[in-house]
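Subject: Structure handover

Hello,

Here is the structure I promised to pass on. Please open it first, then read my notes below.

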Amino acid sequence: MGNPVTREFEVGRHIASGGPGLCWRIYNGTKKSTKQEVAVFVFDKKMIDKFLKFEKDQIIDSLKRGVQQLTRLRHPRLLTVQHPLEESRDCLAFCTEPVFASLSNVLGQWDNLPSPVPNDLKEYKLYDVETKYGLLQMSEGLSFLHSGVKMVHGNLCPENIILNKSGAWKIMGFDFSISSNNPSDAELKYTCKEWEPNLPPLCLPNPEYLAPEYILSVSCDSASDMYSLGVIMHAVFNEGKPVIQVNKHDIFKSFSRQLDQLSSMSPAMLSKIPEEAREHVKMLLSVSPTVRPDADQMTKIPFFDDVGAVTLQYFDTLFQRDNLQKSQFYKGLPKMLPKLPKRVVVYRILPALTSEFVNPDMVPFVLPNVLLIAEECTKEEYVRLILPDLTPVFKQQEPLQILLIFLQKMDLLLTKTPPDDIKNSVLPMVYRALEASSVQIQELCLNIIPTFANLIDYPSMKNALIPRIKSACLQTSSLAVRVNSLVCLGKILEYLDKWFVIDEILPFLQQIPSREPAVLMGILGIYKCTFTHKKLGIPKEHLATKSLPHLVSLSIDNNLNLNQFNSFIAVIRDMLNRMEAEHKTKLEQLHIMQEQQRSLNITNPGNSTEDIKSSPNSGNQIDDIFGSTGVNGKENGSAATPSQPNR
């Protein structure tokens, strides 16, 4: 496009249509300088080629007026304009906050949409809570226009209600808005234009949503917009159908007939509207403007007093609350989230929660809710919608509760976070916890590590995690941290390889300075786990030269009670038994090999010395030398002396 809007904005995919007669094509886009997401509204002048020049000018002027009025007005319930209207030879264009679609598109009106219609729009169905809160937002928007700006919208209909990207309903389409003649007076007056059937359709409001008084008595006031709201409520609960179909070629006759139908409204007309809203919709559709509730009254009807709608409304007013009020609300939110549809939670509530991450005092209250939402998200949704906001929080060291919350949800983080982010953001947080000055944090971390150790990659485990656990054990002055370090190591041994345990873990046990019973039993536990684990095990050489001497010396420590001593002796005995069995097997195999060698060399007499050394009876030579009673024997009641060998 040659429109000046394209200088500052990148125009993307055609996603929706909206505005009077759905004449505006809506594209997603981004601001080139900031990469900020926007929606780009484009009116293609080719659409009105069939009209005469003066009619084209009328249409363009009407559309311009609507956008210019919208640009001047600022309110959370009105569509926010990010860049004002620009005109080129071919089109009109302006930019707004990111948009999903118009309510008209959502209700099945797909004029001026790309072909095929985008799947996300085709399959979009409004949840009850979205409908309720959307209608409440419309009531609030009208309250602002009527009471704050002293203005009648004049064309409130589904095509002029836009759902933004997070699902909030916003008003646009001010082409036919009317400002009060006497804004300072108590009773406001509005000048209404007479209906001109010969004008191009885009120069006229949507007659199916127009109050009867517009056409029949050429009068209007704020109650006329309330009638339009009633028709919208009917359409939302009736697959997009207004209350009465209007013959646009004979508008006056249509409206006269409509008057009769509205005056004697049958219950069947409102049967699909929820019972708690039915009476109010009936009043909104009253022929008499004075019967219709005003916008402020509509915001207070019981129909909107719905838990989900109230929750969403609270989020929209968070900026008015202090930290204490917000923290109380966030504490109760986990009970609310499961009751709301996932789309509402992810696109409405999540952005409001993550926006609080800039306030460190609020993070401990917000974070549990964000992680609760993360559990319900797919991995792709988590990476796209949650992780970018969590990454800076991983690095926050104050307040301490942030670290505690993350540690308790570590399995979630390690399951859904991509490997690079785990290495760069998640694990460094665990390392910080192990090195924290707070004993409580260290203890919690050590208790939790075994629950997610299977998710940590081996190099990180070996080179970063284990050294920090060892360091925490050796350097702490807290008995609880030291014991928990040993218990933690014992539980994650199965994820380590045998030689790493033998070379790094077992020697470390001998460096531990304290001799409290709990520490000694922790050391024993690691030896026992390593010794009995199928994948690990301790070689007999290590048993004989390092493990057993260490355990034997610990077993006679005066701090151990009888049961603890028995535990040591049981492990020592098992080790001795295995060492004896393994070594005996080795010697027996060696003996068989030597016997086979001797039988081969039987004819060679030059090996007498070797024969003596390897003789199966050579072990008995000790008895021969020291006497049959052995070294401790007392013979005939007197001290034994070495006897001479028998000849």
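Is Leu587 buried, partly exposed or exposed? Leu587 is partly exposed, because its relative accessible area is 44%, between the 20% and 50% cut-offs. Please bear in mind that this is a predicted model. Leu587 sits in helix α25, which covers residues 562-600. Together with Leu590 and Met593, Leu587 makes a nonpolar surface patch of about 290 Å².

Salt bridges

The structure holds 23 salt bridges. Here are some of them.

- Glu130 and Arg343: their side chains meet at 2.4 Å, N to O. This pair links distant parts of the chain, with Glu130 in helix α5 and Arg343 in helix α13 (residues 342-354). The two are 213 residues apart. Glu130 and Arg343 are both buried.
- Glu213 and Arg292: the side chains form a salt bridge at 2.8 Å, N to O. Again the pair links distant parts of the chain, 79 residues apart. Glu213 is in helix α6 (residues 212-216), and Arg292 is in the loop between α9 (275-284) and α10 (295-298). Both residues are buried.
- Glu541 and Lys540: this salt bridge has an N to O distance of 3.0 Å. Glu541 is partly exposed, with a relative accessible area of 46%. Lys540 is buried, because its relative accessible area of 13% is under 20%.
- Lys45, Lys64 and Glu87: salt bridges link these residues in a network.

Cysteines

There are zero disulfides in the structure. Cys91 is in no disulfide, and the nearest cysteine sulfur, that of Cys95, is 11 Å away. Cys91 is buried, at 4% relative accessibility. Cys377 also counts as buried, at 4% relative accessibility.

Backbone

Which residues does the cis peptide bond with omega of about 0° join? That bond joins Ser115 and Pro116. Pro116 lies in the loop between α3 (103-106) and α4 (119-122).

Lys35 is not a glycine, but has a positive phi of about 65°. Its place is the loop between β2 (24-31) and β3 (37-44). Lys35 is exposed, because its relative accessible area of 63% is over 50%.

Lys150 is not a glycine either, and has a positive phi of about 60°. Lys150 is in the loop between α5 (128-149) and β7 (151-152). At 23% relative accessibility, Lys150 is partly exposed.

Best wishes

Key: Residues numbered from 1 in each chain as written. Predicted model: local features only at pLDDT ≥ 70, side-chain atom pairs only at ≥ 80, totals over all residues. Heavy atoms only, no water. Disulfide = S-S within 2.5 Å. Buried < 20%, exposed > 50% of the residue type's maximum accessible area, 1.4 Å probe, protein only. Patch = residues over 30% accessible without salt bridge, like charges linked within 9 Å, V, L, I, M, F, W, Y side chains within 5 Å. Areas by Shrake-Rupley, 256 points an atom, 1.4 Å probe, with all protein chains shown as cover. Salt bridge = Lys/Arg side-chain N within 4 Å of Asp/Glu carboxyl O. Helix = DSSP H or I, 4+ residues; strand = E, 2+ residues; numbered from the N terminus.
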